[in-house]
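Here is a quick tour of a protein fold for someone just starting out. Have a look at the sequence and the picture, then read on.

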Amino acid sequence: MLDKLTDFLRVFFGPGNENYHFKYFSLSHIIPILIMVIIIILLYRYRKEIRANEKLDLKLRFWLGFLVSIANISWYWLFINIGTDPSVALPLTICETVMFFSPFLLLTKSQKLFDVFYFWTLCGSTNALLTPAVLDNYGPTTYRYYQFWIGHAGIMVVIFYCLFILKMNVTFKSLLRSIFWLFLMSLLAMYVNSVIPNANYLFLKGSEAGSSVLDLLPTYLPVRFAILFVLVIILFSLAYLPWYFINRKTIKEG
């Protein structure tokens with residue numbers, strides 16, 4: 001019995017199965033996204049009730065931030081235990097940065113953090129949710145599968161919690177702030193990629209093992225970076241577009 005449990009844990013927390021390939025839009029892909037959508041709908045449905053109950057609001061913010069940050073931190077714990085690889089184990093990605101700082105965002109209600117994370121999550125996490133390339137060797141029998149979905153779907157829930165419950169808004173200044181901080185992170189990622197063999201932070205060298213829209217981009221760094229930067233501006237602008245009309249309407253009514 002103990003041997004079977006040991007074998008299960010070894011596989012569950014292991015480095016994945018090279019012969020397993022995650023299928024996009026299969027049940028193991030759709031179900032986590034469906035659960036995320038249901039949670040977001042429930043937040044919107046009961047937004048007034050949650051706002052009116054300060055204790056409930058605080059508990060939800062605490063546990064949501066705790067769950068998302070633990071999902072992120074546990075990934076680094078897993079690397080330490082199965083072998084740390086600095087080419088993939090550093091928190092130099094958009095989604096992981098948002099996961100790490102989610103408790104600070106939720107508990108401090110920081111508008112500056114939300115300004116950045118709103119765009120990073122909607123534009124970065126959406127791509128990860130639709131094409132989870134990092135799960136190519138990980139299925140529902142592995143810890144990485146659940147860690148990925150809790151973390152990436154979790155930060156999407158965090159953003160909508162801030163929108164629906166905390167009533168945070170987005171301005172043009174938010175757009176500029178998010179682009180500025182992403183640009184700085186990109187410079188840091190380029191440096192790390194240049195000094196650590198096989199490092200590919202922010203996908204500046206190429207996409208991951210599974211298929212992704214990033215496969216269409218060239219691998220030559222200057223061209224790839226320029227195209228990615230233009231795409232970021234386009235995607236962030238689309239994410240800001242509804243707020244342009246909302247803020248414009250608010251100014252006219254005010």
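Which residues does Ile 94 touch, not counting residues up to four places away in sequence? They are Trp 120, Leu 182, Met 185 and Leu 202, where contact means heavy atoms within 4.5 Å. You're looking at a predicted model, in which local features need pLDDT of at least 70 and side-chain atom pairs count only at pLDDT 80 or more, while totals for chains, interfaces and linings use all residues. Residues are numbered from 1 along each chain as its sequence is written, and side-chain values use heavy atoms, with hydrogens and water left out.

**The overall picture**

- The protein has nine helices and zero strands; helices (H or I, at least four residues) and strands (E, at least two) are DSSP runs, numbered from the N terminus.
- Read from the N terminus, the elements go α-α-α-α-α-α-α-α-α.
- Of the 254 residues in the protein, 43% are buried. Buried means under 20% relative accessible area, exposed means over 50%, and partly exposed is in between, using a 1.4 Å probe and protein chains only.
- Take the contacts with a separation of 6 or more: 75% of them come from residues 24 or more positions apart.

**Back to Ile 94**

- Ile 94 sits in helix 5, which covers residues 94-108.
- Its relative accessibility is 19%, so Ile 94 counts as buried.
- Ile 94 and Ser 125 are 31 residues apart in sequence, yet their C-alpha atoms are 8.0 Å apart in space.

- You'll find Gln 147 in helix 7, residues 143-164.
- Is Gln 147 buried or exposed? Its relative accessible area is 3%, so Gln 147 is buried.
- The side chain of Gln 147 reaches the backbone oxygen of Ala 71 at 2.9 Å.
- The side chains of Gln 147 and Arg 144 are joined by a polar contact of 2.4 Å. A polar contact is a pair of N or O atoms within 3.5 Å; within protein, one must be able to donate a hydrogen and the other to accept it, and residues adjacent in sequence count only if both atoms are side-chain atoms.
- Leaving out residues up to four places away in sequence, Gln 147 touches Ala 71, Asn 72, Ser 74 and Trp 75.

**The second largest pocket**

- Rolling a probe the size of a water molecule over the atoms shows where empty space is left.
- On a 1 Å grid over the protein atoms alone, a pocket is an open set of points where a 1.4 Å probe fits, with protein on both sides within 12 Å along at least five of seven lines; lining residues have an atom within 4 Å of a point.
- The second largest pocket is lined by 18 residues, and Ile 39, Leu 67, Ile 150, Gly 154 and Val 157 lie nearest its centre.
- Helix 2 (27-45), helix 4 (54-82) and helix 7 each supply at least two residues of that lining.
- Which helix gives the most to the lining of the second largest pocket? Helix 7 does, with eight residues.
- The lining has 17 nonpolar, one polar and no charged residues. Here Ala, Val, Leu, Ile, Met, Phe, Trp, Tyr, Cys and Pro count as nonpolar, Asp, Glu, Lys and Arg as charged, and the others, Gly among them, as polar.

**Aromatic rings**

- The whole structure holds 23 aromatic pairs. Rings of Phe, Tyr and Trp (its six-membered ring) pair if their centres lie within 6.5 Å; planes under 30 degrees apart count as stacked, over 60 as edge-to-face and the rest as tilted.
- Phe 62 and Trp 63 make an edge-to-face pair, at 5.2 Å centre to centre with 85° between the planes.
- In that pair, Phe 62 is partly exposed at 40% relative accessible area, and Trp 63 is exposed at 53%.
- The ring centres of Phe 114 and Tyr 118 are 5.8 Å apart and their planes are at 50°, so this pair is tilted.
- Phe 114 and Tyr 118 both lie in helix 6 (residues 111-130), four residues apart, about one turn of the helix.
- Phe 114 and Tyr 118 are both buried.

- Most residues other than glycine have a negative phi.
- Phe 25 isn't a glycine, but has a positive phi of about 65°.
- Phe 25 lies in the loop between helix 1 (2-12) and helix 2.
- Asn 198 has a positive phi too, near 70°.
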